[in-house]
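Have the structure open while you read.

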There are 2 protein chains.
Amino acid sequence: MNGNDRIILAQGGGGAASAKLIEAEIVSRFGGGALDGLPDAASLPGGLVFSTDSFVISPRFFPGGNAGKLAVCGTVNDLLVSGGIPQYLSLALVLEEGFSRKELGEILDSVRQTADQERVRIVTGDTKVVPKGALDGIFINTAGIGVMRKEAELGRDRLRPGDRILVSGGIGDHGMAILAARHGIAGAGVSSDCGSVRAFADEIFRIAGGGVKLMRDPTRGGLGAVLTELLKGSPCGAELEEASIPVSEGTRTLCSMTGIDPLFVPCEGRIAAIVSPEFADDILAAWRRLPGGALAADIGTLNGDAEEIVLRGNWGGLRRMILPEGDPLPRIC
Amino acid sequence: MNGNDRIILAQGGGGAASAKLIEAEIVSRFGGGALDGLPDAASLPGGLVFSTDSFVISPRFFPGGNAGKLAVCGTVNDLLVSGGIPQYLSLALVLEEGFSRKELGEILDSVRQTADQERVRIVTGDTKVVPKGALDGIFINTAGIGVMRKEAELGRDRLRPGDRILVSGGIGDHGMAILAARHGIAGAGVSSDCGSVRAFADEIFRIAGGGVKLMRDPTRGGLGAVLTELLKGSPCGAELEEASIPVSEGTRTLCSMTGIDPLFVPCEGRIAAIVSPEFADDILAAWRRLPGGALAADIGTLNGDAEEIVLRGNWGGLRRMILPEGDPLPRIC
């Protein structure tokens, strides 16, 4: 037996260890079709997009959201960044014996409210109960079906040197809000960005249409992991301007205190997009007018250095971005 | 606080307690559309069917299957009994830190093999890892999309007195196989019926088309719970012939030993169908020719006694079928 015979926590963190696990266990068995490139959602014949996500977040209630809101927004966002307009969700609950009915009600009220806001319908579901100790409280899974926007032409093969990299708001708020809530850091003043990116997706497609090359929502592993995934197998690389990467004041302070790089901290309501350069300014202007979009920014450019991501520091020096193995924060979503 | 403030195990068992929980927490919030009547899968505009299921079974390997095979067949069967032809699946894994990579590989090999046999594609997924103790091993969720058969016209409003009730094989094998495996009853000789009902669905629609009124796969709560659900809100009731209800030799013996009524023991590869009487004999003849279909049987008739299910015993007496509150076997699927 070697060190690879047991699942380790880092394999769920969205970093390099996650990528290796998914490659070895999932892509090796199920790759070769819609799964290739591991998009946030599968594009199916007939213009459908299909996605799923399980939510195991702890704590279940946090500044800016709760497990129910997250479970809807997580799947809705995966469909949106894949070019889809979300339509239908499934809702599967696994409950631990002894779980509070009141808390279940609060979580489901949030599911309902968020689904209504997003104009998605919960159309099918499943509810299981497991004996006490077999699960910590509640796990939620949602799967979603959306209809692909006609104007969407996303694809890794469409990336070109010179394309701009945009983010729709400050990064890392979700992860740092969870960290603060978990460790009882009172007055951290960080609220999760947990929310739908629907308005941001509507605007970027309205303005740029086929000029939108690729999008992701930077959840596990944060912006750093998502850009690494987007450029995997691409002849393009990226140069990011460190000073341009938007981070809210509270998150920046908490990151400094803890030594965590916000580049690798999860968001739950942001878009990272690669677009044709001529649309970048108009997209940013529109995004900044949206609630939550004040910090939207152009953070860098694609170049011809296959897959490689470099950061230009505040004083001009260049360094290579290295994806961490794991994530300092398990159960972030 | 009263006794209703905590989730109890019986609420996951598929019996009366489950039905009450789902009514209070799910239907109250999300009902009024595709969820009404709680079909196994939602019928969506455009001829799609959509379903989801989480799998928390213990033990994960059992005579006749394992968690991976079950996770594919469970959702595939929900689509099939709803009149759909399964096309695409999502696969969401939640793994406990320390889970065996070898066991994960075996489970995923089964997922792959079963999906290939069923001609469904795993097109999207999610993999989470939670700290040791937050989950017992592995939970799997699948969601599935299928295309509705053109000839399917399922609907509670189509039930009529005189319609026949058919089952496609011996009932209760899955539940009793799990019970035997869990309690180390060696030589019980009971193997789970875990498998796809694809061939059975193909035959019933080929023979009866719109003459198929309603179908379910009798999983949690068994045949008794499924018939109760099918007749809920219907002007029809049912009279079942106890002697006609097929139970394999091994399951009958184990049930006698344990005092468990096979009528309420889960299957994972059977169909319960209500059909126009003129098709019943042809369907049964076709089903009996299929692997696993030798015990297929006509077990009773619809009558005009709204929602009520009665059993005619082996000596002619009638008794009302009472759905148990819970299920003697948690984590059956």
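A salt bridge here is a side-chain nitrogen of Lys or Arg within 4 Å of a carboxyl oxygen of Asp or Glu. Glu308(A) and Arg320(A) form one of these, with their closest N and O atoms 3.6 Å apart.

Some ground rules: this is a predicted model, where local features need pLDDT of at least 70, side-chain atom pairs count only at pLDDT 80 or more, and totals for chains, interfaces and linings use all residues. Residues are numbered from 1 along each chain as its sequence is written, chains are lettered from A and ligands numbered from 1 in the order in which they are written, and side-chain values use heavy atoms, leaving out hydrogens and water.

**Salt bridges**
- By the rule above, there are 46 salt bridges over all chains.
- Arg29(A) and Asp109(B) pair up at 2.6 Å, N to O.
- That pair joins two chains, because Arg29(A) sits in helix α1 (residues 16-30) of chain A and Asp109(B) in helix α3 (residues 101-117) of chain B. (Helices, H or I with at least four residues, and strands, E with at least two, are DSSP runs numbered from the N terminus.)
- Arg29(A) is buried at 15% relative accessible area, while Asp109(B) is partly exposed at 41%. (Buried means under 20%, exposed over 50%, and partly exposed in between, using a 1.4 Å probe and protein chains only.)
- Glu25(A), Arg29(A), Arg101(B) and Asp109(B) are linked in a salt-bridge network.
- Lys128(A) and Asp126(A) make another salt bridge, at 3.0 Å from N to O, and both residues are buried.
- Back to the opening pair: Glu308(A) is partly exposed at 33%, and Arg320(A) is exposed at 54%.

**Strand β5 of chain A**
- (Strands pair if DSSP finds at least two bridges between them.)
- Ile85(A) stands opposite Val147(A) in β7(A).
- β5(A) runs parallel to β6(A) (residues 121-130), joined by 9 bridges, and there Leu95(A) partners Val129(A).

**Two residues in chain B**
- Glu203(B) lies in helix α5 (residues 198-208) and is buried at 17%.
- Leaving aside residues up to four places away in sequence, Glu203(B) touches Ala286(B), Trp287(B) and Leu290(B), where contact means heavy atoms within 4.5 Å.
- Gly33(B) is in the loop between α1 (16-30) and β1 (42-44), and is partly exposed at 26%.
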